[in-house]
Amino acid sequence: MKNVDSPTLRVHRSEPLRGHCRVPGDKSISHRALLFGALCDGPVQIDGLGSGGDNLSTARALAALGVSIALDGDRARVDGVGLGGLAPALEPLDCGNSGTTIRLLTGLLAGQPFTTTLHGDASLVRRPMRRLATPLRQMGATIDGRTDSAKPDEIYPPLVVQGGRLRGIRAVLPVASAQLKSALVLAGLQAQGPTEILEPGLSRDHTERMLRYLGAPLVADPVARTVRVDPTGWDGRLRAGPLVVPGDLSSAAFVIVAALIVPDSDVTIEGVGLNPTRAGVVEALKAMGADLTVEVTGQAMGEPVGTIRARASRLRGIRIEGDLALRAIDEVPALAVAAALAEGETVFADLKELRVKESDRIAALVRELGRAGVFVTEQPDGLTITGVAGNGGTLAGGLVQPMHDHRVAMSGAILGLVADAETLIPADEIATSFPTFGDVLTALGAAIAAA
Ligand code: S3P
């Protein structure tokens with residue numbers, strides 16, 4: 001299926017999905033491979049790199065900062081310039097739709113002796129940045145952002161980062177956020193003295209794993225939820241080495257849920273990242289009664305990688321909250337579709353952060369499930385979904401409104417695989433993280449076509 005040229009997907013009730021597939025490289029790990037590769041002391045080869053729009057935003061921004069990057073499909077060669085080798089960008093950096101790009105770059109640029117402006121698309125310019133600016137200012141950087149009279153305490157992109165000499169701090173984060181934690185780690189590597197970061201919950205730890213692999217002076221304590229960076233006595237060099245990015249579990253989640261809900265499906269996904277700080281979706285689906293077989297087959301840069309087999313299952317509602325919700329934060333749009341097809345109620349709670357993702361995902365899921373005829377209620381920090389399995393309900397098709405959010409678009413598409421009428425999805429945003437979404441699913445037998 002050619003979906004690259006087509007902005008709309010047409011989805012119909014599907015025959016069983018069957019076969020083996022792979023998904024593109026993990027988006028979070030790909031950002032870090034590009035960024036940390038650029039800071040290495042020589043050329044770095046990356047394999048399995050994600051080719052979604054967000055990762056391209058990071059690659060372009062680094063190129064604008066003077067880093068030579070040659071992209072070739074899912075491979076890249078990054079000519080690392082070292083922590084002190086970036087050049088001032090001639091123009092503002094366009095971070096597109098990518099929160100990880102803008103936040104990690106802001107942390108890095110806070111320690112660089114020049115000024116950079118970072119901006120993004122209509123979604124990114126509405127995402128909160130004060131959480132990042134506050135600790136970076138304490139470290140000595142000057143960060144300005146756009147203000148909005150509707151929320152006078154907050155700042156938003158465009159951000160202007162005036163970098164310089166930083167001092168280490170002890171930062172107690174107001175939210176568990178890998179973007180924020182990683183930005184402070186990058187600033188901490190350039191600071192005088194140690195930086196200690198304490199999170200209220202353990203967010204994904206790809207930065208810690210990859211930087212340790214590259215030889216950075218970093219100690220993480222997942223139980224205490226702290227990361228300590230101490231560049232004192234460090235030679236400032238990250239050792240260049242080959243980087244291998246596993247498949248993206250967040251993309252796989254849509255394939256897994258599609259296989260669980262389309263009757264008689266049996267799908268195996270190979271080469272998927274299974275980092276436990278990210279694998280809440282597997283735990284949650286198993287607790288819902290999903291027939292999932294997960295096997296760890298290897299490691300890449302300290303990250304477990306493996307195979308997931310998903311077979312169509314009778315699902316039941318559960319509560320997804322606390323640490324489990326944090327470990328499944330990006331998979332809530334996929335899990336909401338599983339919940340819509342389950343028997344009984346699924347309660348999603350402790351997910352206030354979903355309000356400030358690529359869209360307000362709580363509002364978007366309430367709207368999209370409601371459009372399909374699912375009974376759903378909205379809470380400030382989550383939503384409650386009554387699955388149609390228990391009440392013999394059917395699902396309507398219709399037009400999905402992604403609101404600049406790739407994951408809202410993809411959850412609308414997989415819901416369409418079990419709907420009674422056609423579902424139409426404006427698909428531009430899907431390429432943000434999973435450009436081969438339509439191709440992977442149609443190869444498994446899904447009734448998805450480009451319109
Ligand atoms: C990401 C961290 C998470 C996640 C996002 C990617 C990362 O965001 O939702 O999709 O790569 O560090 P927060 O750190 O804001 O929670």
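A residue counts as near a molecule if one of its heavy atoms lies within 4 Å of it. By that rule, the residues around the ligand include Ser28, Thr100, Ala178 and Lys357. The model is predicted. The protein is assigned two parts, domain 1 (8–25 + 246–450) and domain 2 (27–231). Each of these domains gives at least three residues to the shell around the ligand.

**The shell around the ligand**

- By class, the shell holds 6 charged, 4 polar and 1 nonpolar residues.
- Three helices, α1 (27–38), α3 (99–109) and α5 (178–189), each bring at least two residues to the shell.

**Polar contacts and burial of the ligand**

- The side chain of Lys357 has an N or O atom 2.7 Å from an oxygen atom of the ligand.
- At Ala178, a polar backbone atom lies 2.9 Å from an oxygen atom of the ligand.
- At Thr100, the distance from an N or O atom of the side chain to a ligand oxygen atom is 3.3 Å.
- The ligand taken alone exposes 380 Å², and the protein buries 96% of that.

**The two domains**

- The centres of domain 1 and domain 2, taken over C-alpha atoms, are 28 Å apart.
- Their contact takes 25 residues from domain 1 and 29 residues from domain 2.
- The size of an interface is often given as the accessible area lost when the parts come together.
- Between domain 1 and domain 2, the buried area is about 2,200 Å². Carbon and sulfur atoms give 51% of that area.

**Backbone features**

- Most residues other than glycine have a negative phi, and most peptide bonds are trans.
- Pro158 belongs to strand β9 (residues 156–162).
- Met301 sits in the loop between β18 (291–300) and β19 (303–311).

Conventions:
Residues numbered from 1 in each chain as written. Predicted model: local features only at pLDDT ≥ 70, side-chain atom pairs only at ≥ 80, totals over all residues. Heavy atoms only, no water. Polar contact = N/O pair within 3.5 Å; in protein donor to acceptor, adjacent residues only side chain to side chain. Areas by Shrake-Rupley, 256 points an atom, 1.4 Å probe, with all protein chains shown as cover. Helix = DSSP H or I, 4+ residues; strand = E, 2+ residues; numbered from the N terminus. Nonpolar A, V, L, I, M, F, W, Y, C, P; charged D, E, K, R; others polar. Domains from an automatic or database assignment. Contact = heavy atoms within 4.5 Å. Buried area = accessible area lost by both parts, 1.4 Å probe.
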